Amino acid sequence: GRHHRSELLIIGSSNDHPEEHPPPAALVEAAAAVAAGHDIEMERLVGDGRGVEDSKGGEAAEEEEREGKGLDDLAARQWILRQPIIYKFCAYGFLKNLQFFEAYLYVMLLAYGYDLSHIGLLQGIQACTTVMCEYPSGVIADRCGKKISLLSSFIMYMVSFLLYSFGSESFAVLAIAAMLYGMGEALRSGCHKAMILQWLERHGHLKQKTFLYSRTRSFSNLGSAINAVTAVCLVVFVPGSSVIFLGSIVPMMLDFILVATYPSYLNVWSETPATMWSLVKDEFSALVTLMSHPHNRRKVLSSSIFQASHKTLKDYIQPIMVILGGEMLKQWRVSGENRVRTLTKVVIGCTYALFYLVSCAGTRNSWRIAGLFSSEKTAMDRIFDAFLVLAIGIGVFVWTELPVLVIPAYLFLYFLTNTRRPLAMSQVSELMGKKRRATVLSVESLLNSIAFFILAPACGFIAHHFGISVLFLAFGVSGLLL
């Protein structure tokens, strides 16, 4: 699912630095001549090495590119935000995160009769499937294009959500749903980032990638916040847990339609499609190269392990609030078992909404926060340290049964994660230069999935047999020691 491999075909091998070349007058002249009905040889159309990039062609596309180049940072950012496709990029992340079951997945699975070790196993199945589908999904992207691969992922998600709605029937149904979700992750992950980088590169603004990714990710977090509020309404006013899964299919359908309207030049595929073996060989070669350089190794491992750590721990707020939140409400003289259960769900949903609203602010300003440190890498390291300290703090608060302190700690945990991610993407994408950027992003995503595959079942086992507080304490202490 790391489908950045074909992005180099956008502008051709002879134009690795588009800002260094003047606009190809030959292409404009050729387009005008074609419109006049003249017979022009194809060699003249592609004589400058760029090729015909998309179906728009002609003066309009070239004028669009000229307008975006040669600007200082502030003017470049203003120009970027005026482009209509930016609204689509932001809407994609907003809709993608409208998975209404997210804030209640653990709660519903526990209500089905499963325990935390089962939940960890499901996460492991999902991560394992993502790893196994890594290279087949790369072949699909290479042969069919990143847009087609992204559209295919939405189909997998929709079928997965449908099966999750029948999860109370048997664990096997849940396992199949987790596998389909993992396939969707493999097909989707990395595609949209590659499209954004591709668009920036086309217009000569690749150095604005942290700024634009911060902007689009902030809309993803906004979608997650609205997702949590909508989920509260569904669990409180609509009977049956299956509805919350079925309702999540609608945003995926809308996102499918949205991505289908992306420009054709963002669906670039390889004229010489790679085989699965060539992808494995290329990625293994990149992995060896990255791991052999301590500077590069630290960056890619830091990025992937941090993401896997957050993904593993982020939803334990649900069982924490089920255990401690109910007792807190009873202390506040809320009576009646059903009322306590309903209000606990409301608190969980509102807590998630608050998490993502604060995360949205962190993401939008991550490039500013990075400026407070000597480098982006230093900012990443300090954020990781703070994450581990917070994990220890959460463990202590759960141990001492202080839910009023757990929520602010979790709030900061989400803030740190969403502040760090744009910085990590910027750092990792630059490790081996433009020509191998796709492969590096693919390696980072693969290591992320492998780390999650290891961490999720292990953390579920520890939480079930020793307690959630022990899990967080052990995670934070071991992380700081390592």
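Asn 296 sits in helix H16, which covers residues 294-313. In this predicted model, Asn 296 is buried, with a relative accessible area of 12%. Setting aside neighbours within four places in sequence, Asn 296 is in contact with Leu 290 and Leu 431.

Stepping back to the whole chain, there are 23 helices and 0 strands. Buried residues account for 54% of the 482 residues. Among contacts between residues at least 6 apart in sequence, 85% join residues at least 24 apart. The chain exposes about 20,300 Å², and carbon and sulfur atoms supply 66% of that area.

Because 12 of its 12 residues are buried, H11 is largely enclosed by the rest of the structure. After H11 comes Gly 204, with a positive phi near 75 degrees.

Helix H23 (residues 468-481) also passes the length check: its 14 residues should span 20 Å, and its end C-alpha atoms are 20 Å apart. In H23, the buried residues are Ile 468, Ser 469, Leu 471, Phe 472, Phe 475 and Gly 476. Seen down the axis of H23, these buried residues fall within an arc of 165 degrees, so they line one face of the helix. An α-helix has 3.6 residues a turn, so residues three or four places apart point the same way.

Now for the charged pairs. Side chains of opposite charge can pair when their charged atoms come close. The structure holds 8 salt bridges. One of them joins Lys 207 to Asp 73, with the closest N and O atoms 3.4 Å apart. Lys 207 lies in the loop between H11 and H12, and Asp 73 in H4, so the pair ties together parts that are 134 residues apart in sequence. Lys 207 counts as exposed, at 63% relative accessibility, while Asp 73 is partly exposed at 35%.

Glu 102 and Lys 314 form another salt bridge, with 3.2 Å between the closest N and O atoms. This pair links loops 212 residues apart. Glu 102 is buried at 16%, and Lys 314 is buried at 14%. Together with Asp 315, Glu 102 and Lys 314 are linked in a network of salt bridges.

Lys 377 and Asp 381 meet in a salt bridge of 2.7 Å, N to O. Both belong to helix H20, where being 4 residues apart separates them by about one helical turn.

Definitions and conventions. Residues numbered from 1 in each chain as written. Predicted model: local features only at pLDDT ≥ 70, side-chain atom pairs only at ≥ 80, totals over all residues. Heavy atoms only, no water. Buried < 20%, exposed > 50% of the residue type's maximum accessible area, 1.4 Å probe, protein only. Helix = DSSP H or I, 4+ residues; strand = E, 2+ residues; numbered from the N terminus. Expected span 1.5 Å × (residues − 1). Arc of directions from axis to C-beta. Contact = heavy atoms within 4.5 Å. Areas by Shrake-Rupley, 256 points an atom, 1.4 Å probe, with all protein chains shown as cover. Salt bridge = Lys/Arg side-chain N within 4 Å of Asp/Glu carboxyl O.
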